[in-house]
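Please open the structure in your viewer and keep the selection panel at hand.

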There are 4 protein chains.
Amino acid sequence: MKDIRVGMIGTRFMGRAHSNAFINVGHFFPVPLHPVLMAACGRNETHLDKFASRFDYRSTETSWEQLVSRDDIDLVDICTPNATHLPIALEAARHGKDILCEKPIAMNAEEAFQMYAAAEAAGVTHMVAFNYRRVPAIKLAKQMIDQGLIGRIYHFNAVYYQDWLADPRSPFVWRNDVNQAGSGAHGDLNAHTVDLARYLIGEFEAVNGTQDVFIKERPKEDGTMGQVTVDDSTEFLARFREGAVGVFMATRLATGRKNSLRFEVFGSKGSLAFNLERMNELAFYSADDPDDRQGFRTILVTAKSHPYLSAWWPPGHIIGWEHTFIHEIYDLLVAIESHQAAVPDFRDGWKCQQVLDAVRDSSLNGQWVTLDDN
Amino acid sequence: MKDIRVGMIGTRFMGRAHSNAFINVGHFFPVPLHPVLMAACGRNETHLDKFASRFDYRSTETSWEQLVSRDDIDLVDICTPNATHLPIALEAARHGKDILCEKPIAMNAEEAFQMYAAAEAAGVTHMVAFNYRRVPAIKLAKQMIDQGLIGRIYHFNAVYYQDWLADPRSPFVWRNDVNQAGSGAHGDLNAHTVDLARYLIGEFEAVNGTQDVFIKERPKEDGTMGQVTVDDSTEFLARFREGAVGVFMATRLATGRKNSLRFEVFGSKGSLAFNLERMNELAFYSADDPDDRQGFRTILVTAKSHPYLSAWWPPGHIIGWEHTFIHEIYDLLVAIESHQAAVPDFRDGWKCQQVLDAVRDSSLNGQWVTLDDN
Amino acid sequence: MKDIRVGMIGTRFMGRAHSNAFINVGHFFPVPLHPVLMAACGRNETHLDKFASRFDYRSTETSWEQLVSRDDIDLVDICTPNATHLPIALEAARHGKDILCEKPIAMNAEEAFQMYAAAEAAGVTHMVAFNYRRVPAIKLAKQMIDQGLIGRIYHFNAVYYQDWLADPRSPFVWRNDVNQAGSGAHGDLNAHTVDLARYLIGEFEAVNGTQDVFIKERPKEDGTMGQVTVDDSTEFLARFREGAVGVFMATRLATGRKNSLRFEVFGSKGSLAFNLERMNELAFYSADDPDDRQGFRTILVTAKSHPYLSAWWPPGHIIGWEHTFIHEIYDLLVAIESHQAAVPDFRDGWKCQQVLDAVRDSSLNGQWVTLDDN
Amino acid sequence: MKDIRVGMIGTRFMGRAHSNAFINVGHFFPVPLHPVLMAACGRNETHLDKFASRFDYRSTETSWEQLVSRDDIDLVDICTPNATHLPIALEAARHGKDILCEKPIAMNAEEAFQMYAAAEAAGVTHMVAFNYRRVPAIKLAKQMIDQGLIGRIYHFNAVYYQDWLADPRSPFVWRNDVNQAGSGAHGDLNAHTVDLARYLIGEFEAVNGTQDVFIKERPKEDGTMGQVTVDDSTEFLARFREGAVGVFMATRLATGRKNSLRFEVFGSKGSLAFNLERMNELAFYSADDPDDRQGFRTILVTAKSHPYLSAWWPPGHIIGWEHTFIHEIYDLLVAIESHQAAVPDFRDGWKCQQVLDAVRDSSLNGQWVTLDDN
């Protein structure tokens with residue numbers, strides 16, 4: 001089997017999750033390419049060495065410019081803060097590397113489009129790491145919608161609740177800084193639900209939202225206070241081209257909800273509900289069931305017939321959050337080898353970013369913002 | 001509409017629940033008889049007067065002998081401690097009264113049979129107040145089993161958890177005294193699940209159980225300690241004539257479980273699960289659903305097509321525990337007016353008591369006890 | 001005990017629920033007044049007679065004008081379609097009757113204010129039947145918020161899902177007609193959640209919403225199609241004076257959700273979650289619990305120490321939807337007898353209606369609408 | 001870091017799960033030894049090669065005798081059918097290999113003791129793969145019990161439900177054959193819950209159970225029928241030395257329950273509940289909470305302060321079933337390197353087997369069987 005040599009930029013949360021995926025995907029899935037962890041790149045050398053050693057990277061770089069120009073790298077994996085996605089991606093594309101990029105794809109739609117255009121122009125494979133499309137329960141939801149089991153869709157409601165900023169004493173981090181993160185809960189969390197809405201329901205037509213910073217400053221390590229310049233929460237209403245109405249909400253102040261991405265789809269024939277904290281389950285209601293025994297059924301999405309599950313364990317043996325990345329990498333490798341577009345690609349990243357930007361604009365001007373039909 | 005004049009014996013928990021049912025049944029159900037609360041009977045005159053006034057009883061009696069002999073009483077409702085069921089029922093039957101009796105029907109199967117024989121000989125209508133047969137979700141379960149949706153039944157598991165005796169400082173009450181109560185958790189709680197098993201699955205063949213008193217004495221009001229002479233918990237294994245295996249457990253020391261009667265039925269084609277603390281719901285799994293969307297569905301048993309529900313509110317408006325008694329009284333009134341046997345009747349009370357006695361015997365001798373096939 | 005003579009206008013869903021409450025409140029609560037069901041009023045004589053007979057009303061009227069002018073009526077209970085609330089209430093006030101009025105109080109805020117002013121001027125007791133304030137779990141939530149257990153409140157999210165219009169074939173009814181109902185899901189369902197938000201969190205500052213009619217016409221009994229002139233669903237964002245942000249949604253097309261009023265409150269110290277379909281439960285999360293054992297706890301709100309529960313059954317024996325009306329009537333009787341304002345009163349009905357109107361306005365002009373601070 | 005060279009015997013379900021654990025443990029945990037997958041052993045050469053290739057084993061063997069005698073193997077991992085555990089373990093011990101053995105440890109307690117004695121005599125480290133002790137929620141439960149949060153324990157109830165044999169058409173496999181498997185649901189499933197009971201509650205005193213074969217024969221690949229010689233289900237009552245009472249049940253015919261190991265612990269001060277299908281959650285009830293806000297809280301066991309979790313992802317990002325093996329291997333490596341006994345070791349395997357044997361005996365003779373106090 002041919003190798004695919006991976007250059008990983010970013011060594012923290014996402015760097016670990018992606019590395020784990022590259023290592024394990026071949027143990028369970030019939031990969032067409034064999035991932036080799038060729039180089040890891042980070043700025044903190046001590047941490048970088050520890051990371052590279054942990055995951056058996058063959059080399060390290062402290063300059064991403066250096067990494068993306070190396071001849072022995074086939075695929076660049078961008079797991080860095082959002083502000084760096086654009087320059088890295090452009091340079092990687094210029095060097096003809098395939099690219100996997102963490103979400104949100106960029107600081108704004110303009111950047112996202114640049115990345116998309118550059119990757120397309122370079123003819124490389126590009127993917128945005130919306131890993132939740134690879135939750136088996138969500139892929140099953142997609143299949144059921146496509147099969148018509150839900151009928152005409154009336155409502156798509158989604159929340160993404162976290163609580164790590166609910167305590168005013170939580171320390172200031174890069175994710176609180178607009179210059180590094182672009183936005184707060186919105187880009188971090190709504191990016192996921194907006195992508196899932198596009199995946200499951202279709203394109204957005206218009207949005208109307210509001211953004212808040214509840215806690216204006218947070219303690220820094222040096223004892224001073226850092227100004228929070230991104231949203232703690234963003235809520236918005238949405239209309240979809242196909243006629244559905246949406247309600248979205250993301251917050252990092254939902255005390256007690258740790259990683260609760262939940263959505264509900266209501267249609268004329270049935271409904272679906274999902275919660276990431278119980279990601280092996282999908283709730284499904286069918287109005288086609290006999291009248292006296294209708295109810296939301298909890299599908300434990302661990303059967304051989306469920307998406308991705310034939311690769312894993314017997315029914316009832318649940319998988320974890322990190323498995324979504326293994327599925328993602330598998331699909332990416334298949335796309336690369338078969339020279340087909342990866343899904344979701346940078347265009348999806350750009351379309352998502354357009355929606356996020358529109359919500360931000362609507363929050364500023366207090367009015368609905370219509371999405372371009374492009 | 002003809003009146004049916006009720007004589008209520010017992011003015012506490014069950015006396016209140018039954019009185020409420022007699023008052024309200026006609027407001028919602030097409031009753032064939034009009035209940036009149038003619039007389040209430042209790043030993044504590046102050047409490048009796050208050051009770052009678054609350055529920056608008058027309059008269060009171062402090063002697064049950066007096067009450068059951070009154071000409072203006074048609075139906076005697078026995079809501080007193082278990083030790084008194086036998087004498088009251090025999091005397092009521094002798095006076096030709098229809099009889100509703102709380103569960104467990106008697107102190108033992110011999111007593112129960114006496115009651116059954118006397119009521120039959122007198123030609124009166126007799127019913128045991130196993131009110132949980134009238135939970136709509138449970139009646140729906142029965143319908144689904146009868147329709148064959150569950151297939152061959154392999155397992156019937158039931159627990160009845162309460163926790164009001166989990167704290168060793170909980171005071172001594174009549175329910176802790178074998179002379180008044182006959183047994184503890186066993187007769188109080190297992191009586192319900194044994195009856196439900198008979199209702200849903202069929203007759204018992206053999207049982208093997210164990211009984212425990214974890215807390216041997218409890219404080220009395222006068223400062224002395226009362227000896228606990230009934231079981232805090234009783235567990236038993238069971239075999240059913242039709243081939244299913246059962247596991248039962250009742251305890252009053254299940255800290256945190258307030259009134260948690262739960263059962264599960266597993267069959268070759270499907271399964272059912274129920275929990276009294278969420279009594280408006282029934283969980284149903286069908287192996288006939290398409291393979292990739294099988295799951296336990298939570299039926300919210302509040303549709304017009306569900307048992308008893310057309311009399312109540314629109315779908316989703318749940319009913320409470322006490323409604324089971326209203327349903328019970330409705331069914332009783334229909335039975336009386338139509339001269340058909342009430343269900344469950346004293347024979348059912350006796351059959352249930354046989355099982356309870358057999359469990360007690362098995363606990364004493366450490367061996368399986370076979371039920372007579374009578 | 002003094003009688004309070006009730007004149008009931010409306011004999012359908014709410015007429016039944018209120019009648020049941022008047023009959024039973026005194027059986028369980030220490031009422032200061034004895035309700036007498038003096039007269040029932042409806043337009044369909046056949047149905048009226050059946051209703052009056054079922055609930056033992058002493059007389060009937062087919063003209064509400066007649067009923068509110070009767071000398072033997074103390075309290076007028078308005079359970080009719082929304083368009084009739086104003087004239088009935090004004091006339092009832094003019095005759096010095098105490099008034100209980102179903103929600104939404106009126107067709108718009110102007111009407112609501114008229115009713116409030118008239119009732120105040122007449123010096124009568126007035127209450128709006130926001131019965132969900134009397135769900136024990138919700139009253140407990142209020143107590144916990146007031147005790148500071150939730151801390152500073154960041155978010156209040158509420159949905160009210162029903163599904164009786166999800167099927168396009170569902171027949172046209174008065175609730176689909178703007179002239180009779182004023183609005184659809186909005187006035188019917190959001191009225192409840194707006195009132196609960198005011199009760200739990202405080203006054204609204206501004207709102208921004210959208211309303212939809214997904215199914216424009218529905219079949220009438222006569223074979224023709226009725227034009228749906230009210231919203232199937234209404235979603236809106238909200239800001240509260242105290243700084244919280246809110247997201248609200250009501251729909252009658254949430255397939256599978258029968259009566260699912262759910263809300264979540266997220267604060268700096270804790271959180272609460274509630275679902276009307278499991279109305280005996282309240283979920284509570286405390287950030288004050290030890291770090292490794294924090295979690296949402298499901299409080300089964302059936303203990304003697306819980307609001308209203310000491311009147312009912314032992315712990316774990318749940319109550320039903322209709323009990324909220326019994327609690328409401330109890331509180332109303334206490335207010336009347338003690339000459340204190342009922343809660344919520346017509347002012348609350350008016351304040352709620354202001355919010356509903358503002359949402360409607362925002363939907364029309366696509367912008368935020370600020371609430372007056374009056 | 002020193003290598004530890006692993007010889008894996010068995011290449012199916014458990015072989016895959018263990019291999020995955022050896023590969024990944026060092027990526028997340030501070031292992032004191034570096035596992036090297038030195039040799040894989042299986043009888044089917046085609047499958048063996050595929051397996052070895054998938055998981056990068058350096059060599060293969062088709063004879064386990066050959067594997068355990070190799071000088072370049074430090075640790076023998078036994079993942080074969082139960083009947084082979086004894087000979088492999090004895091031979092591995094004779095060659096001075098450390099041993100990890102799948103559960104149940106042996107065909108009966110005599111075999112188990114032989115294995116324990118041999119491993120002790122050889123001075124090797126030995127562990128039984130009761131991986132569920134390494135579920136973070138279960139380890140947290142253990143910590144809470146040890147801290148006294150549950151108080152005196154009254155009840156330990158456990159079920160282990162699977163459904164892969166519910167359909168009579170499910171094919172005959174080695175697990176249905178007593179000569180290969182020793183027992184059915186009992187050794188496969190009750191082994192886990194018996195071990196967890198010992199871990200959480202302490203030693204068994206006596207048991208009384210029953211075993212059933214509901215479906216006597218199943219189709220074989222060659223078209224003939226295979227005789228099922230192991231139990232489809234086993235239920236038993238238990239008494240613990242410390243005074244608690246237990247109820248256990250294992251079945252492979254629980255239609256709809258895929259891998260539902262559930263237990264409940266009820267004590268004088270609190271309670272715990274767990275379900276393997278939602279293995280990232282632990283339900284905890286504390287009677288020490290204020291009276292009006294007691295309830296079962298769902299602890300999402302994903303915080304840094306929870307067992308094993310600091311090695312993984314941020315709070316709310318759940319782990320999967322296979323992670324329990326990674327935790328297990330980590331603990332095993334620490335034990336080996338520190339020359340301390342592994343937990344659970346072969347003595348635990350033997351003690352568990354004694355209980356299983358006693359249940360089998362009680363099922364045969366219909367009486368309680370007392371466990372030796374050794």
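How many residues of chain C are in contact with residues of chain D? Select both chains: 15 residues of chain C are in contact with 15 residues of chain D. Please bear in mind throughout that this is a predicted model.

**First stop: the side of chain C that touches chain D**

Select residues 296-300 of chain C, which form strand 16. This strand supplies five residues, the largest share of the side of chain C that touches chain D. Colour that side by residue type, and it divides into six nonpolar, five polar and four charged residues.

Which rotation superposes chain C on chain D? A rotation of 180 degrees does so, with 0.0 Å of shift along its axis and an RMSD of 0.0 Å. This is the relation of a two-fold axis. To find the axis from chain C, select C:R297, whose C-alpha lies 1.7 Å from it; of the residues of chain C, this one comes closest. The copies meet through the same surface, because 100% of the interface residues of chain C are also interface residues in chain D.

Next, display chains A and C together. Here 31 residues of chain A are in contact with 31 residues of chain C. Several strands of chain A supply at least two residues each to this side, among them strand 7 (153-161), strand 8 (204-212) and strand 11 (233-240).

Finally, turn to the largest nonpolar core, which has 548 residues. Select A:A89, B:A89, C:A89 and D:A89, the members that touch the most other members. Which residues are in contact with A:A89, if its neighbours within four places in sequence are left aside? They are A:I78, A:I99, A:C101, A:M115, A:A118 and A:A119.

Colour chain A by pLDDT: its mean is 97, and 100% of its residues reach 70 or more. The model as a whole scores ipTM 0.96 and pTM 0.97.

Definitions and conventions. Residues numbered from 1 in each chain as written. Chains lettered and ligands numbered in written order. Predicted model: local features only at pLDDT ≥ 70, side-chain atom pairs only at ≥ 80, totals over all residues. Core = buried A, V, L, I, M, F, W, Y, C linked by C-beta atoms within 7 Å. Buried ≥ 20, exposed ≤ 12 C-beta atoms within 10 Å, placed from the backbone. Contact = placed C-beta atoms within 7 Å. Helix = DSSP H or I, 4+ residues; strand = E, 2+ residues; numbered from the N terminus. Nonpolar A, V, L, I, M, F, W, Y, C, P; charged D, E, K, R; others polar. Least-squares fit on C-alpha atoms with pLDDT ≥ 70 in both. pLDDT = per-residue confidence, 0-100.
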